[in-house]
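This briefing sets out selected features of a predicted model.

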Amino acid sequence: MSNKHECKAAVVTCMDFRLHGDNMGDFLKKEGVYGEADMICVAGGVLPLVAPDHEKNREFILKLLGISKNLHHIENIYLINHTDCGAYKSFGEMDSKTETDLHKSHLGEAEEVVKEQITKGTQIEITKVLAEISYPDDKLHVNFRKI
Ligand SMILES: [Zn+2]
């Protein structure tokens, strides 16, 4: 790790504990940014970036991304939503395809917001990820899938 006050990435994701620890750690290791990513964890992941009733949270996320960009000179922004998210319960019961489509659509909208507000005119890349939560054999499994 460099001793400069810089890092490789910023990650916008849900606060949900199931994503974190070894699950997020293994994903970030695979991406080569483990220990070198600013973590921005809020309920719903990118939901506050796209939902108008979360304006304060939207500003909060954009402010932190601005700090990552200007202070830490990040090269990548990861936008990570996940299935079975408590913040999405207000959208009602969804089958798995509907749920996946909603997250894909929100990740796409969030990407546009981040492009417009943060990465325009920079080389910063945006990576969209849906973390799929399942319980094979009653054990938590999280599959970080780039979309
Ligand atoms: Zn969540």
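Helix 3 and helix 4 cross in a right-handed manner. In this predicted model, the angle between helix 3 (residues 55-72) and helix 4 (residues 96-119) is about 50°, and their axes lie 10 Å apart. Helix 3 is therefore oblique to helix 4.

**Contact between the helices**
- Helix 3 contributes L62, L65, G66 and K69, which meet V114, Q117 and I118 of helix 4.
- By class, four nonpolar, two polar and one charged residues make up this contact.

- In soluble globular proteins, nonpolar side chains tend to be buried together.
- The largest nonpolar core here has 35 residues, of which A9, A10, V11, V12, I77, Y78 and L79 touch the most other members.
- Elements that each supply at least two residues of this core include strand 1 (9-13), helix 1 (22-31), strand 2 (37-41), strand 3 (76-82) and strand 4 (125-134).
- Leaving aside residues up to four places away in sequence, V11 touches A37, M39, I40, Y78 and I80.

**Positive phi values**
- Most residues other than glycine have a negative phi.
- H73 counts as partly exposed because it has 14 C-beta neighbours inside 10 Å.
- D138, also a residue other than glycine, has a positive phi near 65°; D138 is placed in the loop between strand 4 and strand 5 (141-146).
- Because D138 has 5 C-beta neighbours inside 10 Å, D138 counts as exposed.

Note on methods. Residues are numbered from 1 along each chain as its sequence is written. This is a predicted model: local features need pLDDT of at least 70, side-chain atom pairs count only at pLDDT 80 or more; totals for chains, interfaces and linings use all residues. Axes are lines fitted to C-alpha atoms, for helices over the stretch in contact, and angles run from 0 to 180 degrees between N-to-C directions. Helices (H or I, at least four residues) and strands (E, at least two) are DSSP runs, numbered from the N terminus. Angles under 35 degrees count as roughly parallel, over 145 as roughly antiparallel, 65 to 115 as roughly perpendicular and the rest as oblique. A crossing is left-handed if the near helix is turned anticlockwise from the far one by less than a right angle, and right-handed if clockwise. Two residues are in contact if their C-beta atoms, placed from the backbone, lie within 7 Å. Ala, Val, Leu, Ile, Met, Phe, Trp, Tyr, Cys and Pro count as nonpolar, Asp, Glu, Lys and Arg as charged, and the others, Gly among them, as polar. A nonpolar core is a set of buried Ala, Val, Leu, Ile, Met, Phe, Trp, Tyr and Cys residues joined through C-beta atoms within 7 Å. A residue is buried if 20 or more other C-beta atoms lie within 10 Å of its own, exposed if 12 or fewer, and partly exposed in between; C-beta atoms are placed from the backbone.
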